[in-house]
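Keep the 3D view open while you read.

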Amino acid sequence: MMTRRLLQLLIGLAMYGVSLAMFIRAGLGLDPWDVFHQGIALKTGLSIGTVVVIVSFLVLLLWIPLRQWPGVGTLCNAVLVGVFADVGLALIPAFSHLGGQIGMLAGAILLNGIASACYIGARLGPGARDGLMTGLARRTGWSVRASRTGVEVVVLGAGWLLGGSVGVGTVLYAVAIGQLVQLLLPRFTVPERKVPEVPAAAGTAVTAP
């Protein structure tokens with residue numbers, strides 16, 4: 001079971017990084033966090049994958065006052081998404097015509113949804129950004145939706161001011177990704193191992209503790 005969970009986690013994170021590269025190559029707008037990542041990359045000259053890794057570990061520092069603890073999936077997420085984003089950018093060409101851009105955007109949203117369901121379903125720890133939102137909700141009493149919306153509005157605004165790409169893809173991602181992950185997650189969630197019950201010996205009475 002653990003082998004399956006680790007393999008599913010790694011495949012999911014690889015697909016997530018590649019989906020980020022596809023969003024960038026589509027050129028029609030990124031999701032809020034990646035608008036922020038791209039804006040920093042444009043200002044610093046770092047690759048977007050490097051920025052994703054750096055921001056992931058900075059966000060993990062915010063877990064400390066929230067009393068959140070990372071899992072192995074959290075740490076893998078912090079490193080591998082950025083690595084595979086840069087690999088994807090090296091392999092995927094940019095499209096100059098609208099039809100190709102729309103197709104790339106649709107593929108990016110679908111792949112991102114599958115990737116999210118894979119790594120969440122592996123149950124090895126949330127990503128740094130997801131953990132920040134759930135931690136805020138737990139410590140402040142806000143709903144997860146309010147925490148997520150507040151954080152994403154802030155990073156989207158900051159990323160846009162830094163020059164990150166905001167467009168129709170940003171809107172479509174916001175509308176589609178929640179429904180897509182909700183649909184796919186049951187198919188990818190690794191069930192918990194059930195401990196088999198030990199039958200009582202014949203003629204032995206079983207008493208309540």
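Start with helix 8 (168–188). Helix 8 supplies 8 residues to the lining of the largest pocket, the largest share of that lining. Bear in mind that this is a predicted model.

How much space lies in the largest pocket? The volume comes to about 1100 Å³. The pocket is lined by 34 residues, and the closest to its centre are Asp130, Met133, Arg148, Glu152 and Ile177. Sorted by class, the lining holds 18 nonpolar, 9 polar and 7 charged residues.

Now step back to the whole chain. Its secondary structure consists of 8 helices and 0 strands. Read from the N terminus, the order of elements is α-α-α-α-α-α-α-α. The C-alpha trace spans about 80 × 35 × 25 Å along its principal axes.

Next comes the packing between helices. Two packed helices are described by the angle between their axes and the distance between the axes.

Begin with helix 1 (residues 2–26) and helix 4 (residues 72–91). Their axes come within 7 Å and cross at roughly 40°. Helix 1 is therefore oblique to helix 4. The crossing of helix 1 and helix 4 is right-handed. Which residues make the contact? Helix 1 brings Leu9, Leu10, Leu13, Ala14, Tyr16, Gly17, Val18, Leu20, Ala21, Ile24 and Arg25. Helix 4 answers with Gly73, Cys76, Asn77, Leu80, Val81, Phe84, Ala85, Gly88 and Leu89. By class, this contact of helix 1 with helix 4 has 15 nonpolar, 4 polar and 1 charged residues.

Helix 1 also packs against helix 5. Here the axes of helix 1 and helix 5 come within 8 Å and cross at roughly 160°. That angle is over 145 degrees, so helix 1 is roughly antiparallel to helix 5. The crossing of helix 1 and helix 5 is left-handed. Their contact contains 18 nonpolar, 8 polar and 1 charged residues.

The last pair is helix 2 and helix 3 (residues 48–66). The axes of helix 2 and helix 3 come within 9 Å and cross at roughly 115°. This crossing of helix 2 and helix 3 is right-handed. On the helix 2 side, the contact residues are Trp33, Asp34, Phe36, His37, Gln38, Ile40, Ala41 and Thr44. They meet Ile48, Val51, Val52, Val55 and Val59 of helix 3. The class count for helix 2 with helix 3 is 9 nonpolar, 3 polar and 1 charged.

Conventions. Residues are numbered from 1 along each chain as its sequence is written. This is a predicted model: local features need pLDDT of at least 70, side-chain atom pairs count only at pLDDT 80 or more; totals for chains, interfaces and linings use all residues. Side-chain values use heavy atoms; hydrogens and water are left out. Axes are lines fitted to C-alpha atoms, for helices over the stretch in contact, and angles run from 0 to 180 degrees between N-to-C directions. Helices (H or I, at least four residues) and strands (E, at least two) are DSSP runs, numbered from the N terminus. Angles under 35 degrees count as roughly parallel, over 145 as roughly antiparallel, 65 to 115 as roughly perpendicular and the rest as oblique. A crossing is left-handed if the near helix is turned anticlockwise from the far one by less than a right angle, and right-handed if clockwise. Contact means heavy atoms within 4.5 Å. Ala, Val, Leu, Ile, Met, Phe, Trp, Tyr, Cys and Pro count as nonpolar, Asp, Glu, Lys and Arg as charged, and the others, Gly among them, as polar. On a 1 Å grid over the protein atoms alone, a cavity is a set of points where a 1.4 Å probe fits but cannot get out, and a pocket is an open set with protein on both sides within 12 Å along at least five of seven lines; lining residues have an atom within 4 Å of a point. Grid points are joined across faces, edges and corners, and a volume is the space filled by probe spheres set on the points.
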